[in-house]
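Hi,

Here is the structure I promised to pass on. Have a look at it first, and my notes follow below.

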Amino acid sequence: MIFKVFYQESKAEVPVRECTQSLYMEADSEREVRLNLKDKPYNIEFVQKLEGAFLEYEQNHHSFGLEQ
């Protein structure tokens with residue numbers, strides 16, 4: 001499954017919507033995504049599972065690249 005992760009780059013700062021970043025990750029569950037990113041200094045706001053038309057849209061309309 002492919003997940004889109006919305007995050008802030010620093011846990012120490014107050015989240016600001018305009019500074020939200022996103023990345024794409026392949027994993028079996030949302031928990032696995034969060035475990036894979038726990039060593040990063042990210043403040044994860046939301047993890048969204050992408051499938052069907054949503055996944056197709058992201059692949060075609062954004063700079064789509066899977067995080068390793």
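This is a predicted model: local features need pLDDT of at least 70, side-chain atom pairs count only at pLDDT 80 or more; totals for chains, interfaces and linings use all residues.

Residues are numbered from 1 along each chain as its sequence is written, and side-chain values use heavy atoms, with hydrogens and water left out.

Back to Gln8. You'll find Gln8 in strand β1 (residues 2–8); helices (H or I, at least four residues) and strands (E, at least two) are DSSP runs, numbered from the N terminus. Gln8 is buried, at 6% relative accessibility. The cut-offs there are under 20% relative accessible area for buried, over 50% for exposed, and partly exposed in between (1.4 Å probe, protein chains only). Leaving out residues up to four places away in sequence, Gln8 touches Pro15, Val16, Cys19, Thr20, Pro41, Tyr42, Asn43 and Glu45, contact being heavy atoms within 4.5 Å.

Glu45, one of those neighbours of Gln8, also turns up in a salt bridge: Arg17 pairs with Glu45, and their closest N and O atoms are 2.9 Å apart. Arg17 sits in the loop between β1 and β2 (21–26) while Glu45 is in strand β3 (residues 43–50), so this pair ties together parts 28 residues apart in sequence. Arg17 is exposed at 60%, whereas Glu45 is partly exposed at 27%.

How many salt bridges are there by this rule? The count is five, using a side-chain nitrogen of Lys or Arg within 4 Å of a carboxyl oxygen of Asp or Glu.

Two others to click on:

- Lys40 and Glu67 meet in a salt bridge at 4.0 Å, N to O. The pair links distant parts of the chain, with Lys40 in the loop between α1 (30–36) and β3 and Glu67 in the segment after α2 (52–61), 27 residues apart. Lys40 is partly exposed at 32%, and Glu67 is partly exposed at 29%.
- Lys49 and Glu51 form a salt bridge through their side chains at 3.7 Å, N to O. Lys49 is partly exposed at 39%, and Glu51 is partly exposed at 47%.

Cheers
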